[in-house]
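Reader: I have a structure to look at and have not seen it before. Can you take me through it?

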Amino acid sequence: MRKSVYIAALFGLAYLLVQTPELFEQAPDSAPQASSTEQVSEAYAQQQSKVQVRGQGVVIKLLPDDTKGSRHQKFILRLSDGHTLLVAHNIDLAPRIDDLRVKDYVGFMGEYEWNPQGGVLHWTHHDPGGRHPGGWLSHNGKTYQ
């Protein structure tokens, strides 16, 4: 009986790893922080900007790339509390996530900017000048920074 429980638990963990790898990966050079829901919700409620946040969400909408000035890949994440967040990922400084799809999980570290629609996440890349904390996105086991 005990052996079948262990086997079932291992299969459950394997399923979670395949379906949501971002839950198990450690992002580069980053210390644990409060959950994304708490950080983003608090920043939104207090109308704060320039807040470094970390977490994950589910892609609910893919948007066309912004090609004016610095190019940005854009998409909207839904966090666990229902909050939505526009991601503006600079693809002149970091690789584009080419295989991104609606319903995919994306982990993130970046800077939150308040707006009435829910806010924008940017600085999801390294800073070539070394003056700003580096950010990243993670998707399907790969980190984009």
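Reader: What pLDDT does the protein chain average?

Author: The average is 81, and 74% of the residues score at least 70. pLDDT is the predictor's confidence in each residue, from 0 to 100.

Reader: Where is the pLDDT below 50?

Author: Over residues 2–34. Beyond near neighbours in sequence, that stretch has 36 contacts in the model (contact means heavy atoms within 4.5 Å). Where pLDDT is low, the predicted coordinates should not be read in detail.

Reader: How many helices and strands?

Author: The protein chain has 2 helices and 7 strands, in the order α-α-β-β-β-β-β-β-β from the N terminus. Helices (H or I, at least four residues) and strands (E, at least two) are DSSP runs, numbered from the N terminus.

Reader: Which residues touch the most others in the largest nonpolar core?

Author: Phe 75, Leu 77, Val 106, Phe 108 and Leu 137, out of 17 residues. Such a core is a set of buried Ala, Val, Leu, Ile, Met, Phe, Trp, Tyr and Cys residues joined through side-chain atoms within 4.5 Å. Strand S4 (105–113) is among the elements giving two or more residues, and S4 has the largest share, 3 residues.

Reader: What percentage of the chain is buried?

Author: 37% of the 145 residues; buried means under 20% relative accessible area, with a 1.4 Å probe and protein chains only.

Notes: Residues numbered from 1 in each chain as written. Predicted model: local features only at pLDDT ≥ 70, side-chain atom pairs only at ≥ 80, totals over all residues. Heavy atoms only, no water. Buried < 20%, exposed > 50% of the residue type's maximum accessible area, 1.4 Å probe, protein only.
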